[in-house]
Structures are given as structure tokens and as C-alpha cells.
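Work through the exercises below with the model open. Each task is followed by a worked solution.

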Amino acid sequence: MPYAILVVSALLYGLALNLPVGTMPLALLADGTAAPAVAIAMGSGMFAALFVSLPIGALTDRIGRLPMLRASAGLGILSLLGLGFAHGPVLGGILLGIRSIALVGYMTAEFAYAGEIASKERAVSGVATLGMIGNLTFAIAPAVSVFLWQHGIGRQQYAWASGLAICGFALLFALPGKFDERRGRGTRAPILMHPRWYPAIGFALACTLQGGVNGSLAILTFHQRGIVNGAAIFTASAFTSFALRYPAGRLVDRFGPRAVAVPTALLSALGCVFAASAHSLLAVVFAGLLLGTSWAAVVPVALGLLFEHSSSRTRGAAMGAYTLAFSAGAATGATVATLATLAGGGYTIAMTLCAVGPLAVLPYVMKSRKTPLLRRNRASLRLEGTVGE
């Protein structure tokens with residue numbers, strides 16, 4: 001029952017909080033905001049996520065999962081209500097940053113709480129399912145938001161959608177406290193980073209660059225190219241990722257993360273190239289399918305690389321590095337989008353550069369090797385020694 005409550009809450013909350021991804025660029029454009037300023041405002045959320053990922057993880061362990069979950073949900077509702085009335089890139093960017101902080105806190109606490117509900121043998125699959133709920137809401141909400149905008153429902157849609165978020169927030173108070181955990185005062189904090197995690201971080205970061213560019217410029221660019229609903233790239237990508245995430249994970253289990261990393265990087269590069277040159281709805285959808293197929297495997301590949309060099313006692317620190325990698329990739333992509341717009345190349349140049357990233361980091365990933373058993377056990381003991389009970 002607690003897991004079902006968590007799923008429904010995540011669905012309602014995600015549908016509401018992902019609406020601005022689709023129409024905030026259009027809303028800012030309608031305010032008379034210049035394209036570079038739109039890119040900066042949309043990228044503010046990605047930068048906010050980058051800076052708060054590790055601190056929020058530590059705070060969640062300190063104060064508990066449920067307090068962080070409820071506080072983050074409340075903060076997200078306030079940001080959504082604010083976006084319903086705010087105008088201009090400065091206030092819009094600030095509220096988008098607050099929205100991003102709320103989502104990071106919500107997902108961090110949600111995943112940590114879900115990991116305590118299921119048995120150890122099913123904890124990973126339980127958390128992965130919640131991640132798929134996130135894919136589903138991201139597939140639906142931006143496109144619905146653009147559809148509503150095209151039918152005369154502007155910023156007020158955010159205020160209306162806050163009702164969904166409030167329903168999801170209310171459900172959180174039905175979650176039992178017995179699955180909550182918090183770190184005691186006498187324990188030492190786990191390590192924050194380990195050099196053997198760098199290949200996983202580099203791969204995740206490189207493959208996430210396109211997400212930062214798309215989040216900043218895709219809607220505006222495709223709108224200017226005369227495409228009816230540019231959010232279709234998000235819908236196609238998210239639905240494809242949702243459908244293929246489990247098979248991709250099984251491939252990593254069977255053949256290892258490095259074998260799957262090769263086609264994943266190639267598909268990501270192809271998706272970026274096709275998106276850069278897309279001038280029709282069909283081309284946008286095709287690019288989204290390629291990016292979604294790649295994205296379905298990016299997560300299990302990164303997790304597989306991290307799990308090779310982390311123990312059960314250092315898994316939390318590894319997941320902190322994992323979150324940081326995706327936030328850094330999105331923030332870097334947003335920076336690339338802004339610089340490319342200022343240089344006059346815009347979305348086309350930015351996505352072309354993103355195609356290079358996964359291919360450039362691939363040799364580094366392939367060169368890294370799983371530690372032999374004896375050395376791995378010793379390394380694991382050294383890592384575990386940094387963690388208090």
C-alpha cells in the first residue's frame with residue numbers, strides 16, 4: 001500500500017510540475033524576451049539541480065525521507081503557482097530554479113523511501129519503476145501544456161495544475177513513518193566521490209548534454225521552424241525510454257555496461273544530428289525515438305559502471321555521484337545552448353556539438369576495466385571503512 005501511494009503521488013506531482021517544460025519558453029517569448037535570455041531562464045533550473053544534488057542527499061539522510069519529501073512537494077507547488085502569475089526572464093528563471101530544487105528534493109527522498117519499502121532483492125526494481133513514472137509524466141505533460149497553450153490556455157494552466165500537485169502532496173501524509181530513516185548524530189558521512197566512478201560520471205554527463213540543449217532551446221526552435229508541437233521530441237523520447245528501459249537493463253546485466261555503451265553512444269550522436277536538422281514534425285519524432293532509445297540505456301550503463309566499484313555501504317554516495325553527473329550534463333548543455341545562441345548558431349550548432357560528446361568519452365569508458373576480484377574486495381573494504389554504522 002505505501003508503494004502504491006508513492007506511485008500515485010509521483011504521477012500527480014510529475015504531471016503538474018513538468019508542464020512548464022513545454023510552455024515556459026513560449027510564455028517568455030510572448031513577454032518579449034530575447035532568445036538568449038529565454039535559454040538562460042530555462043537553463044536556470046538545470047544549474048540549480050547541479051548545485052543542490054549532493055547537499056540535498058546529505059540533508060535527506062539527516063532529517064529523514066518523509067520530511068524532505070513533503071517539504072519538497074510543498075516548495076514545488078509554490079513555484080508552480082508563482083509561474084502562473086510571474087512575467088519576465090528574471091523572475092521566471094528564479095521560479096524555474098526553485099521548481100528544479102523541489103524536484104531534486106522530491107526525487108531524492110522518494111527514491112530513498114522506496115528503497116526501504118521493498119526487500120533488498122527488489123529495492124532496485126522498485127526504485128527503477130518510480131523512475132519510469134518520471135519518464136511517463138515527462139512524456140505527457142510538456143506536449144499537453146503546448147496543446148493547451150495553442151488553444152488559448154496560457155500561464156493559468158500552471159495554477160490549475162497546482163491542484164493535481166496538491167492532491168499528490170496530500171497523499172504523502174498517508175505514508176507510514178516506519179519506512180523512514182535518518183542518520184544518527186554519531187555516524188560519519190560516507191565518501192562523496194571516488195576516482196573509479198569517473199567513467200560512469202563522464203558517460204552520463206556526455207549523454208545528458210542533449211537534454212540541457214533541448215530543455216533550453218528545442219520548443220522555441222521548433223516553434224520558429226513552423227512545427228505544430230515541438231514538445232513531440234520530449235514525448236517520443238520519454239515514451240521510447242519508458243518502453244525500453246527494462247530491456248536495456250537486462251542487456252547490461254548480461255553483456256556488461258561497456259558492451260552496451262557503444263551502441264548507446266552511437267544512437268545518442270545520431271539522435272542529436274537528426275534533431276539539429278529537423279524541420280518537420282516527423283523528423284522531430286524520429287530524432288526523439290533515437291534519443292529515447294539511447295536514453296533508455298544510458299541509466300543502466302551508468303549504474304552498471306558505478307556498481308562495479310561500490311559496495312552496499314557506499315551505494316548512497318555512488319547514487320549521489322550519479323545524480324550529480326546528470327545535473328552537470330544538463331547544466332553544461334544549457335550553457336552550450338546559450339553560447340551557441342549568442343554566437344548565432346543556435347540549436348543547430350548546439351545539438352551538433354552534443355553529438356560529439358558521447359563519442360569523445362566512449363574510449364575512456366572502454367579503457368576502464370572492472371577491478372579483479374581480490375583487488376575489488378580490498379577496495380570495497382577501504383570504501384566501507386569510511387562509512388559509520
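**Exercise 1.** Find the residue just after helix 9 that takes a positive phi, then check the span of the helix and locate its bend.

Solution. Helices here are DSSP runs of H or I with at least four residues, numbered from the N terminus. The model is predicted: local features need pLDDT of at least 70, side-chain atom pairs count only at pLDDT 80 or more, and totals for chains, interfaces and linings use all residues. Residues are numbered from 1 along each chain as its sequence is written, and side-chain values use heavy atoms, with hydrogens and water left out.

Step 1: helix 9 covers residues 232–255, which is 24 residues. The expected span is 1.5 Å times one less than the number of residues.

Step 2: at L244 helix 9 bends by about 45 degrees, and the proline P247 follows within four residues. The bend is the angle between axes fitted to the seven residues ending at a residue and the seven starting there.

**Exercise 2.** Locate the salt bridges in the whole structure and state which parts of the chain they link.

Solution. Step 1: a salt bridge needs a side-chain nitrogen of Lys or Arg within 4 Å of a carboxyl oxygen of Asp or Glu. The search finds 2.

Step 1: D31 pairs with R155 at 2.5 Å, N to O. D31 sits in the loop between helix 2 and helix 3, and R155 in the loop between helix 6 and helix 7, so the pair ties together parts 124 residues apart in sequence.

Step 2: assign burial, where buried means under 20% relative accessible area, exposed over 50% and partly exposed in between (1.4 Å probe, protein chains only). D31, at 30%, is partly exposed, while R155, at 10%, is buried.

Step 3: E308 and R258 form a salt bridge, their closest N and O atoms being 2.9 Å apart. E308 is in the loop between helix 11 and helix 12 and R258 is in helix 10, 50 residues apart. Both residues are buried.

**Exercise 3.** Is S79 buried or exposed, and which residues does S79 contact beyond its neighbours within four places in sequence?

Solution. Step 1: S79 belongs to helix 4, residues 65–83. Step 2: its relative accessibility is 2%, so S79 counts as buried. Step 3: taking contact as heavy atoms within 4.5 Å, S79 touches L17, L95, I98 and R99, its neighbours within four places aside.

Methods
Helix = DSSP H or I, 4+ residues; strand = E, 2+ residues; numbered from the N terminus.
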